[in-house]
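Here is a short note for someone opening this entry for the first time. Please keep the structure in view while reading.

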Amino acid sequence: MKYVVVSGGVISGIGKGVIASSTGLLLKTLGARVTSIKIDPYLNVDAGTMAPTEHGEVFVLNDGGEADLDLGNYERYLGVTLGRDNNITTGKIYSHCITKERRGDYLGRTVQIVPHLTDAIQEWIERVARTAVDESNEKPDVCVIELGGTLGDIESAPFVEALRQLRRRAGKDNFVQIHVSLVPVIGDELKTKPTQQAIRDARSAGMSPDLIACRCERPLDRATTDKIAMFCQVEPEQVIGVHNVSSTYHVPLLLEKQGFLHVLSDLLKIQGVEIPQSLVAKGQSTWKQWKALTTSQEHVFDTVEIALVGKYVSLHDSYLSVIKSLEHAAMASRKKLNIIWVDASHLEHSARAENPQEYHAAWHALTTAHGILVPGGFGTRGTEGMMLAAEWARTKKVPYLGICLGMQIAVIEYARHVCGLEGANSVELDERTPHPMIVFMPEIDKVNLGGTMRLGARPTIFQEGSEWSKLRALYGLDRTSVDERHRHRYEVNPEYIDRLQEAGLHFIGKDDKGERMEIVELKDHPWFVGVQFHPEYLSRVLAPSKPFLGFVSAAAGIFDEVMKVSQANEADKLANGVDNIII
């Protein structure tokens, strides 16, 4: 097994996740089988209970694991399916070691950070790195590990020591460290001192960076590259400039242009790994599609404007997978994407008196957008504004996509204004509502919040008579079900389903028992779809999520055209017996 460790210095949020994902993607162009691990030094067991406005979105995996958003980057770039064990946290490791101690596995010895904790980290990495990550059941050749946080932080010390030992354990030519550092521009000069100090700090902690990825506003000049190489004791070709680009999808191209893959494969001796020629051809085909699609966006000028009506809009990373899914769909539709961020609470009538400027700005953004998206969320704040947005989309025939809470909002709005159920609401938002349209799922733990929701990949069964559905047509009319990932505690109240459907709100998808509502859609509308699941978690650059593709193409006014292309692609896949889109 070969390992690539991506660490960061100087500041946090420097782009380690994108560089780690890009590294894995480039290795796949050589035919290497790649998996990924994210190490988060925080004490939380997982990201499930963390506030999105502080940490960004919670990414849900197939097995129901709630993880850091970087695992979403890995899946989108590498086309792999990861699990909860691919995200290691301090909380998980300590819990693992304490469980062993309570069981008596340490045979009475004093349990210490070194060797017990560091051994547990290495054993966890080795176990996960050797686990198959795709349907072919092939074992990975390379594991890309991202060390979260900033090197030198006190909480990351055990992981740094474990990785230092792992280098020795892996053996020669099987371990490469990429250290991502900041090269700021002061005046008009690129400053190398922060990077020099960051490399010194890494070495003092026992880490020895083999490649230095320099994050900067503009391309590195030769003099700066040579200076960093000299003071950091690496060769100039081991210094890679990662300057700001128009899209993160261009980062792999930027790395490739600088010979990054050649240097990396030489350090890892990838040439000595036995790789089937079919995987090499597949990797090269994917890379060709990636370059063609991402570079073609530079020549697209028509814009589609999407109003994202949410409650966590102060931190855009709260909706990272939603953003990426919109980008994938826009690229497939050959449109430039413009996301208009609308704080749902600014749409509410109470906001008119409190802050009329924000109120009118929010309504102007909503009413001029080509499409309206209401994503998931928790709590009461902004939900009345979301209902107003759903009502506008429904009555004005503006394409609408509701995800999780967004679907529930659409159901409540329809119950109030079409079915005449005054005071209809969710019990999450109003426990005393006379018409509880949305209720707690009976199996949900109402006390312990972490990991107790309905989580992970679950089937949605298309209902008889739903052949008219635009969304079903995009998935493929020959398909009777789809598997998508879930994260929710509430569901549509089954007692109101018949009344809603009689009034024209169609539940075209239900769970495998036919009890839980999964997809809602309106017939006489350009695109009005709500899904209880989170389709954003499975969207890929070369294979956009179907609900997002339908929504964006409808907003752009080209749904029929995109539908034909999508159906032709599905027919081609069936004819060839393979899925030629692998990301």
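1. The model is predicted. Its residues are numbered from 1 along each chain.

2. Start with the open sheet, which has nine strands and mixed pairing. Read across, the strand order is β13-β12-β14-β15-β23-β22-β21-β18-β19. At the edges are β13 (336-343) and β19 (481-488), each of which pairs on one side only. On average, neighbouring strands are turned by 25 degrees against each other, direction ignored.

3. Helix α14, residues 356-368, lies across β12 (303-310), β13 and β14 (371-374). Its direction is at about 130 degrees to β12. Helix α15, residues 383-395, packs on the sheet and touches β12, β14, β15 (400-403) and β23 (528-531). The angle between the directions of α15 and β14 is about 145 degrees.

4. A separate point concerns T225, which sits in helix α8 (residues 222-232). Is T225 buried or exposed? T225 counts as buried because its relative accessibility is 9%, and the cut-off for buried is under 20%. With neighbours within four places in sequence left aside, T225 is in contact with L220, P236 and V239.

Technical notes
Predicted model: local features only at pLDDT ≥ 70, side-chain atom pairs only at ≥ 80, totals over all residues. Heavy atoms only, no water. Pairing = 2+ DSSP bridges. Helix = DSSP H or I, 4+ residues; strand = E, 2+ residues; numbered from the N terminus. Axes fitted to C-alpha atoms, helices over the stretch in contact; angles between N-to-C directions. Contact = heavy atoms within 4.5 Å. Buried < 20%, exposed > 50% of the residue type's maximum accessible area, 1.4 Å probe, protein only.
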